[in-house]
Amino acid sequence: MTHASEIATASPGRPRGFDEDAVLAIALRVFWEKGYEAASLEALTTAMGINRSSFYNCFGSKHGVLLAALKSYSEGALKRFSAIAEPSSQQTMMALLTALANPADGSNGCLLVNCITELAPHDPEVLRLGARHIAQLQSILARKLSPKDPETAIATAGALLALAIGTMTMRKSGQTSEQIEATLRQAERLTAGFLQPAVE
């Protein structure tokens, strides 16, 4: 990791001396482990290996780096989930929901869900970003289903998302991956005969 002493402060016409995507990934991990309020500026800059001047020049503020990290996280998660749920995939709904809930990933939970819970009631930017992420997940799930009308697909996808997001809270409360997987299997009742057939 590049250390603060090796970082060149950005200025007009001068490239930054660090990989923005790499330091964003580190900031994301700090927020994931500590939460937004408990993640101090010192903890962030130390983990990211950049000095405060470079931090402010690049991200503007602690809130700015949070939004950048959340956007990066959302884009990556949506891309991965879209690939799993593509129309030609033969993945079952259980596999899709397991990819969302990630029951074996410890007690940290989903970064976006964590931030929605902590910040959305008083942070409209986090609220908008979280709502957009969830709406896109719901749309991806709905396209994977094949009911007779789109409204049913959206409503069912919303129920499935609520189930998956609820299991993230269960995971944070200490339930085992086996217990969470048993809960996720209830989705099979909602989606029996509902998935689009795989494209040959």
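Start with the helices around the largest pocket: select α4 (62–84), α5 (93–101), α6 (111–119), α7 (124–144) and α8 (150–172), each of which gives at least two residues to its lining. Helices here are DSSP runs of H or I, at least four residues long, numbered from the N terminus. Keep in mind that this is a predicted model, where local features need pLDDT of at least 70 and side-chain atom pairs pLDDT 80 or more, while totals for chains, interfaces and linings use all residues. Numbering runs from 1 along each chain as its sequence is written, and side-chain values use heavy atoms, without hydrogens and water.

Now the pocket itself. About 400 Å³ of space lies in there (the volume filled by probe spheres set on grid points joined across faces, edges and corners). A pocket is an open set of points on a 1 Å grid over the protein atoms alone, where a 1.4 Å probe fits, with protein on both sides within 12 Å along at least five of seven lines; lining residues have an atom within 4 Å of a point. Select Y73, A77, R80, A99 and L100: of the 24 lining residues, these are the closest to the pocket centre. The lining splits into 18 nonpolar, 3 polar and 3 charged residues (nonpolar: Ala, Val, Leu, Ile, Met, Phe, Trp, Tyr, Cys and Pro; charged: Asp, Glu, Lys and Arg; polar: the others, Gly among them).

Next, pick K62 and Y36. The charged end of K62 sits over the Y36 ring, 4.5 Å from its centre (NZ of Lys or CZ of Arg within 6 Å of the ring centre and within 35 degrees of the ring normal).

Last stop: F55, Y56 and F59, which make up one aromatic cluster.

Conventions:
Rings of Phe, Tyr and Trp (its six-membered ring) pair if their centres lie within 6.5 Å; planes under 30 degrees apart count as stacked, over 60 as edge-to-face and the rest as tilted.
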